[in-house]
Amino acid sequence: MKIVDQILHFPNHSWGEDRIFSTNNIAGVIDGSSPIHVIPISPYHSQAEWLSDHLAKEIPLYSDASLPDICKKITDQLNTSHSSVLKKFNEATLPCAVLAGIQTQDDDLHGYVIGDCTLIIQFHSGDIKILTDNRIRHFSNLTKAIKNEALLSGKDATEAVKKQMTQNRKVMNTTDGFWTVALKGPFQTQFLECHYKTEEIKKCFLFSDGFERIFSNSLYSISDILDGKVTLSCALHSLRNWENKATNLDVKQHDDVSAILVEF
């Protein structure tokens with residue numbers, strides 16, 4: 001497994017809630033879920049940044065276990081080691097994150113996705129497999145629609161978004177809701193998973209929803225990235241220029257971006 005290209009970019013420059021993780025047999029991206037109310041955990045700007053940074057640093061330490069089991073181990077440890085800090089959070093503001101990752105074990109490749117990150121697998125045959133967690137899309141779209149509705153009616157879009165995000169949180173990690181890696185409560189291992197022989201795989205491409213805008217707005221195609229026609233930094237440059245000019249935006253004008261391209 002060889003990293004061909006990777007990018008991590010924060011619009012705020014000094015801090016952000018996306019991360020990349022990698023070691024000999026594991027690689028992926030993490031997107032800390034933007035909190036309804038920001039509560040810093042020193043030295044981090046937000047609870048989401050705190051969790052995503054811990055996951056990124058500690059996942060490679062346990063790479064012999066499966067990724068869902070690693071996430072459970074890390075969150076269990078954080079719940080214990082930071083119990084006094086976490087007392088200040090309620091259910092709506094507890095740290096949570098989504099991610100996409102791959103692991104190689106012997107001759108096998110395992111892929112995992114939870115939330116709105118994406119894993120793309122390119123096979124030597126030319127086929128492409130896309131693994132993304134559509135369970136969260138409905139709730140993301142609700143928040144975007146609420147923001148646009150508020151803007152059109154002249155209401156406070158910030159408060160409307162916070163209200164919808166609070167409603168969304170009530171169904172997080174429930175059967176009819178969406179799934180994240182979260183602190184407190186029972187750990188839910190509702191990852192989407194895939195499994196292939198490593199010899200079948202040519203490349204894997206993993207990215208957060210901030211990078212996904214490049215494809216959803218037709219700035220470049222997935223094949224452009226996989227075939228090396230455009231670098232990740234070039235694609236990011238085009239995205240930021242597009243976001244500056246766009247009028248139909250997501251909840252955030254500029255989102256954190258994380259992406260990693262791996263070949264076998």
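Biologist: In this predicted model, how many bridges join strand β6 to β7?
Modeller: β6 covers residues 118-123 and runs antiparallel to β7. Within the pair, Q122 stands opposite I128 of β7. The bridges joining the two strands number 5.

Biologist: Which strands stand at the edges of the sheet?
Modeller: The sheet is open, has 5 strands and pairs them antiparallel. Its order is β1-β11-β10-β6-β7. The strands at the two ends of that order each have a single partner, so one side of each lacks a neighbour in the sheet. They are β1 (2-9) and β7 (128-132).

Biologist: By what angle are neighbouring strands of this sheet turned against each other on average?
Modeller: Direction is ignored for this value. The average is 10°.

Biologist: Which strands does α6 touch as it packs on the sheet?
Modeller: The direction of α6 makes about 110° with that of β10. The strands touched are β10 (201-207) and β11 (257-263).

Biologist: At what angle does α8 run to β1?
Modeller: α8 lies across β1, β10 and β11. Its angle to β1 is about 25°.

Biologist: Are α6 and α8 roughly parallel or roughly perpendicular to each other?
Modeller: The axes of α6 (residues 209-216) and α8 (residues 232-245) come within 10 Å. They cross at roughly 80°. Angles of 65 to 115 degrees count as roughly perpendicular. The two helices are therefore roughly perpendicular.

Biologist: Which residues of α8 meet α6?
Modeller: From α6 come G210, F211, R213 and I214. By class, the contact has 6 nonpolar, 1 polar and 2 charged residues. On the α8 side stand L232, A235, L236, L239 and E243.

Definitions and conventions:
Residues are numbered from 1 along each chain as its sequence is written. This is a predicted model: local features need pLDDT of at least 70, side-chain atom pairs count only at pLDDT 80 or more; totals for chains, interfaces and linings use all residues. Side-chain values use heavy atoms; hydrogens and water are left out. Axes are lines fitted to C-alpha atoms, for helices over the stretch in contact, and angles run from 0 to 180 degrees between N-to-C directions. Helices (H or I, at least four residues) and strands (E, at least two) are DSSP runs, numbered from the N terminus. Angles under 35 degrees count as roughly parallel, over 145 as roughly antiparallel, 65 to 115 as roughly perpendicular and the rest as oblique. Contact means heavy atoms within 4.5 Å. Ala, Val, Leu, Ile, Met, Phe, Trp, Tyr, Cys and Pro count as nonpolar, Asp, Glu, Lys and Arg as charged, and the others, Gly among them, as polar. Two strands pair if DSSP finds at least two bridges between them.
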